[in-house]
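Me: I have just opened this model and would like a friendly tour. Could you walk me through it?

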Amino acid sequence: MRREIPLLITFIVGTALVVALFIPHHPFPELDGEFSIWFDIIAVFAFILGGGNLLKVHIDRIQRRHRDRFFSAVTIVGFLGTLIIGLLKFGGSPGLKGNYIADSNAASVYTVADIKDPEALVRKVNAGHDPVSQYLKGNLSASTLEMADRIEGGASMPDPARTQFIDELAKALVEDLNVVLTGGSIFDERRFAGVKLDRETRAMIANPGAGHEEGIRLNRRLLQSAYPDEINPSHGTTWFRVIYNGIFVPLGATMFSLLAFFVASASYRAFRAKTREATVLLIAAFIILIGRTPLGYYLTFWLPEPLQFLHIPNLSAWILSAPNLAGQRAIMIGIALGIIATSLKLILGIERGYLGHEK
Amino acid sequence: MSFIEKMLKIDRRIIFLLIALAVIIPMLLNLVFVVRPSPIVQTIFDKVDGLPDGSKVLLSFDYGPATVPENRPMAESLLRHCMIKGHRTYIMAVWATGEAEANISIGRVIRTEFPDKVYGSDYIQLGYKAGNQGLINAIFTDFKGMYTTDAAGVDINSFPMMADVNALPDFDLILAVCSGKPGLKEWVQFAGDRGDIPVAGGVTAVEAPLLYPYYPKQLLGLMGGLQGAAEYEAALVNEYPEYRASSMTAVKLMGPQTVAHLVIIFFVIIGNVAFFIQQRREKRARRE
């Protein structure tokens with residue numbers, strides 16, 4: 001049964017999807033989407049299996065004292081470190097659910113998660129007891145002020161409606177505050193006279209950056225200082241972002257950049273016009289190499305209209321859209337036929353390699 | 001060792017050094033060439049530019065940090081263009097690394113250049129979902145079935161711009177910036193062809209020749225490598241010169257790439273000339 005059931009599932013799913021393509025009536029058109037969602041769920045489990053397999057292979061290598069065991073140790077530490085830091089979301093805003101806001105390199109505007117206590121914030125602003133609140137009140141929209149008045153009026157609401165109201169209030173506040181954040185510096189000596197500003201904020205005031213982002217960052221710090229109990233501090237970045245930017249990005253860039261050196265060296269050694277075919281390939285490569293740079297234009301732009309087909313960018317485009325296209329199509333048709341043959345073998349149970357070896 | 005033999009066996013360290021210099025010196029000298037958009041890139045620009053304001057554009061970030069120099073200028077030019085035109089932009093990723101790249105571009109383009117754009121109304125970051133082409137297949141019929149929240153975990157139905165999006169055919173245009181599989185080919189096969197949705201985008205230079213069979217009927221246009229990105233930037237700057245300062249990343253990088261290409265051609269010519277001379281000498285020696 002261990003082999004028959006997977007074979008049966010493969011047969012039913014494979015046949016159903018092929019049939020679904022030809023029957024445009026319920027439930028067949030939906031089958032494809034439904035099966036794709038199942039596939040996506042299985043794909044998530046594949047991540048877990050992949051991670052488990054990675055650990056198994058590298059722990060085994062360390063246990064066997066393989067000569068590359070130190071690389072395996074680095075792999076395990078890197079994998080587990082990134083996984084734990086990513087899952088637990090170290091750093092970033094406390095209200096962060098995903099990694100969207102804190103992961104940005106640029107100064108971020110507010111999201112709902114940044115407003116710790118929308119009700120308290122709107123009460124404080126609406127009361128206008130201090131210059132900052134008076135300033136903010138003047139920048140709140142009519143609908144937000146109306147909401148603030150409803151709170152001040154002590155409107156009683158049953159719980160689900162109240163939660164919804166607070167959510168809407170938070171969204172309205174975020175919208176209004178973001179206009180303030182992005183609308184130039186809000187700092188004024190008299191306005192912030194009663195607000196305790198930390199050393200970093202004072203330094204930013206003393207040396208304001210010229211960019212728009214610096215202005216947003218300073219405004220956020222000022223508002224956070226004025227409303228420490230109502231607005232969450234901006235933590236800048238997550239540790240996951242630090243790993244991504246500090247390790248993953250440079251390593252990825254290095255690996256890809258090395259290709260340029262190896263391509264140059266390999267081209268010099270291997271690209272020899274030893275045969276007629278190799279010569280044609282070499283000429284085509286030169287045209288593409290020059291044609292894919294602005295130099296191609298400068299070299300032959302002067303050619304008269306009847307000879308424009310020899311203009312290097314035109315030649316380069318022709319190579320890509322005629323001989324290259326023909327070759328690619330032939331390869332693609334070959335691959336498609338291969339996929340059809342393999343799929344039929346899988347559906348009919350002739351190809352059983354995916355079931356693993358029988359013990 | 002004769003001169004010809006030396007030319008046939010140039011130490012690879014010399015080649016590496018010259019390639020490094022070919023990249024570094026033009027960068028230091030700020031060597032910038034004028035780039036002209038080719039028809040295959042101009043069609044993408046014209047499509048994005050010609051869509052009415054408020055059109056729904058899906059922009060997929062399907063690449064990782066390794067190909068950032070080629071892919072990021074493409075993605076940011078497309079994002080910038082969508083923002084300029086006021087298109088509702090739905091940002092997602094079929095690659096795990098794409099989400100982080102999208103976040104970086106959102107910060108660099110939208111928050112910096114378009115701070116008045118409202119999240120959830122003008123643009124949304126949907127993030128990454130596992131499943132590769134299976135994901136594209138699934139969102140084709142049921143978008144919100146896969147994306148129940150945005151990347152920050154907020155209910156998808158709470159965003160105004162998601163109100164009239166239920167499946168991929170609801171989009172006016174699909175743009176994908178890719179560096180492998182799943183990539184633009186999968187977007188064409190599983191979304192564009194199936195739903196008759198216009199698909200366009202950019203890929204790395206290595207991958208571009210593989211996509212020509214789809215152009216122009218199944219693939220609206222294609223940005224191939226850094227040159228493709230530079231051509232889109234040129235098209236954008238031609239139409240919107242006020243964005244010149246932020247839209248010249250790829251154009252500036254074309255200087256080093258051009259010189260590096262020339263160095264490679266130089267070495268290939270040297271190798272071939274030396275090879276022919278040596279062959280002729282060997283033939284002559286055999287005859288004697």
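Me: How many residues does the contact take from chain B and from chain A?

Reply: Happy to start there. This is a predicted model in which local features need pLDDT of at least 70 and side-chain atom pairs count only at pLDDT 80 or more, while totals for chains, interfaces and linings use all residues. Residues are numbered from 1 along each chain as its sequence is written, chains are lettered from A and ligands numbered from 1 in the order in which they are written, and side-chain values use heavy atoms, with hydrogens and water left out. With contact meaning heavy atoms within 4.5 Å, the numbers are 70 residues from chain B and 62 residues from chain A.

Me: What area is buried between chain B and chain A?

Reply: Buried area is the accessible area (1.4 Å probe) that two parts lose on being put together, summed over both. Carbon and sulfur atoms give 66% of it here. The total between chain B and chain A is about 5700 Å².

Me: Which residues of chain B lose the most area to chain A?

Reply: Three residues stand out, and together they make up 12% of what the chain B side buries. They are Arg111(B), Tyr212(B) and Pro213(B).

Me: How many salt bridges are counted between chain B and chain A?

Reply: A salt bridge needs a side-chain nitrogen of Lys or Arg within 4 Å of a carboxyl oxygen of Asp or Glu. Between chain B and chain A, the count by that rule is zero.

Me: Is Glu207(B) buried or exposed?

Reply: Glu207(B) sits in the loop between strand S5 (199–203) and helix H9 (208–211) of chain B, where helices (H or I, at least four residues) and strands (E, at least two) are DSSP runs, numbered from the N terminus. Not counting residues up to four places away in sequence, Glu207(B) touches Cys178(B), Ser179(B) and Gly180(B). Relative accessible area under 20% means buried, over 50% exposed, and in between partly exposed (1.4 Å probe, protein chains only). Glu207(B) has no salt bridge, yet this residue is buried.

Me: Why is Asp196(B) called exposed?

Reply: Asp196(B) is found in the loop between H8 and S5 of chain B, and its phi is near 55°, a positive value in a residue other than glycine. Asp196(B) is called exposed because its relative accessible area is 71%.

Definitions and conventions:
Lys and Arg count as positive and Asp and Glu as negative; His and the chain ends are not counted.
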